[in-house]
Amino acid sequence: MSENFSTKATRSLQLDMLAILLLPCVSAWYFYGAKALRLIAVSVITAVLCEFLGRKLLRQPATVGDLSAVTTGIILALMLPANAPVWLPAIGSSFAVIAAKLPFGRNETLPFSPAAAGMAFLTICFSDLIFDYPRIVANTALTGSSGSSLAYLLSQNTSISLSSVKAIDIFTGNYPGPMGAGCIIVLFGSALYMLIRRTKLFISVVGFIGGAAFAALCFPRVTSLLSSVVLELVAGYMIFAALFLLTEQGTQPKLPISRLLYGISAGIVCMLMRRFGAFEECACFGILIINAVWNAVDRQLVKALDKKKAKGGTKNA
């Protein structure tokens, strides 16, 4: 594959990802106003500058034009609380590009999701800021929570259930949480666009949702199993992670069956991390774990399928 063709293919994918991200950006602006746009702008500018200057220092071909740094900056910002200080997305984007992107070459060869790496770094270093969500004034579903997110309430094993949280508030994102990941209706719209435009990526997303739902049934944190599945999926940035962290270009397996298993495994690991981990939301860590191990798993899966095909061909002969 020529470098020029590779850049065009990456840019085409990133343009679609930016289109998919448009609705969450509008949602963040609708709920939080100019503060949300300011955080997104800082995150994007930092990511682009780090990639441009990093490539210059390493004397590597410029890759800013493939728009992957822009996508990384937006994804990371949308997982933050709207009241985060402006230096927080700057640090997160810097780490995402410098530590998880530049050392591994072009976007299609990345072993990890840069945005997941940036978010993991921020979660470990600044957890008090990462999970300090502003209370939505119009919210009545979480009376008395004063900024407590659904993910936090689940982590505290409270008596929260579907009967105590209004469905309309769940699906419209009318409760504290990451500024671009809480409105489920908006994420459904983004998922529909991905299904139409990037069906291969959507295979992993479906697997992730299925794996997470299965884990929610096996390890419920509320009494009702239905409540467990629904609340676990809509809390934090689980669905957002499925759409934008799991689908990083370089981490995607080639075969459809491998993509499905990749998604299922990621969903289960993310739920286990959330259930037994130290933070209320651990999806970024779960994604990185699957990124790290799936290349080896994928190789074994391809070998097994090749052997099966070879045996089938021998029998037919």
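Author: Helices here are DSSP runs of type H or I with at least four residues, numbered from the N terminus. The model is predicted.

Reader: Ok. Which helix is Val269 in?

Author: Val269 sits in helix H13, residues 256-276.

Reader: What does Val269 touch, leaving out residues up to four places away in sequence?

Author: Gly286, Ile289 and Ile290. Val269 and Ile290 are 21 residues apart in sequence, and their C-alpha atoms are 7.8 Å apart in space.

Reader: And how far does H13 reach, first C-alpha to last?

Author: H13 reaches 30 Å with its 21 residues, close to the 30 Å expected at 1.5 Å a residue.

Reader: Which residues of H13 are buried?

Author: Ser258, Arg259, Tyr262, Gly263, Ala266, Gly267, Cys270, Met271 and Arg274.

Reader: New topic, the nonpolar core. How many residues does the largest one have?

Author: The largest nonpolar core has 81 residues, and Tyr237 is one of those with the most contacts inside it, along with Leu78, Met179, Phe240 and Leu245. Helix H10, residues 199-218, gives the most to this core, with eight residues. There is also a second, separate core of five residues, including Ala47 and Val97.

Reader: Back to salt bridges. How many does the structure hold?

Author: Six. One of them joins Arg197 and Asp16, with the closest N and O atoms 3.0 Å apart. Arg197 lies in helix H9 and Asp16 in helix H1, so this pair ties together parts that are 181 residues apart in sequence.

Reader: Is Asp16 buried or exposed?

Author: Asp16 has a relative accessible area of 4%, so it is buried. Asp16 also forms a salt bridge with Arg198, at 2.9 Å between the closest N and O atoms.

Reader: What about Lys101, which residue does it pair with?

Author: Lys101 forms a salt bridge with Glu51, the closest N and O atoms being 2.6 Å apart. Lys101 is in the loop between helix H4 and helix H5, while Glu51 is in helix H2. Lys101 is buried at 1% relative accessible area, and Glu51 is buried at 0%.

Reader: Last one, the surface. Which residues make the nonpolar patch?

Author: Leu22, Val26, Trp29, Tyr30 and Leu37 make a patch of about 560 Å². Helix H1 gives the most to it, with four residues, and Leu37 lies in helix H2.

Notes:
Residues are numbered from 1 along each chain as its sequence is written. This is a predicted model: local features need pLDDT of at least 70, side-chain atom pairs count only at pLDDT 80 or more; totals for chains, interfaces and linings use all residues. Side-chain values use heavy atoms; hydrogens and water are left out. Patches are made of residues with over 30% relative accessible area and no salt bridge: like charges are joined within 9 Å, nonpolar side chains (Val, Leu, Ile, Met, Phe, Trp, Tyr) within 5 Å. Accessible areas come from the Shrake-Rupley method with a 1.4 Å probe; for residues, only the protein chains shown count as cover. A salt bridge is a side-chain nitrogen of Lys or Arg within 4 Å of a carboxyl oxygen of Asp or Glu. Helices (H or I, at least four residues) and strands (E, at least two) are DSSP runs, numbered from the N terminus. A nonpolar core is a set of buried Ala, Val, Leu, Ile, Met, Phe, Trp, Tyr and Cys residues joined through side-chain atoms within 4.5 Å. Buried means under 20% relative accessible area, exposed over 50%, partly exposed in between (1.4 Å probe, protein chains only). Contact means heavy atoms within 4.5 Å. The expected span of a helix is 1.5 Å times one less than its number of residues.
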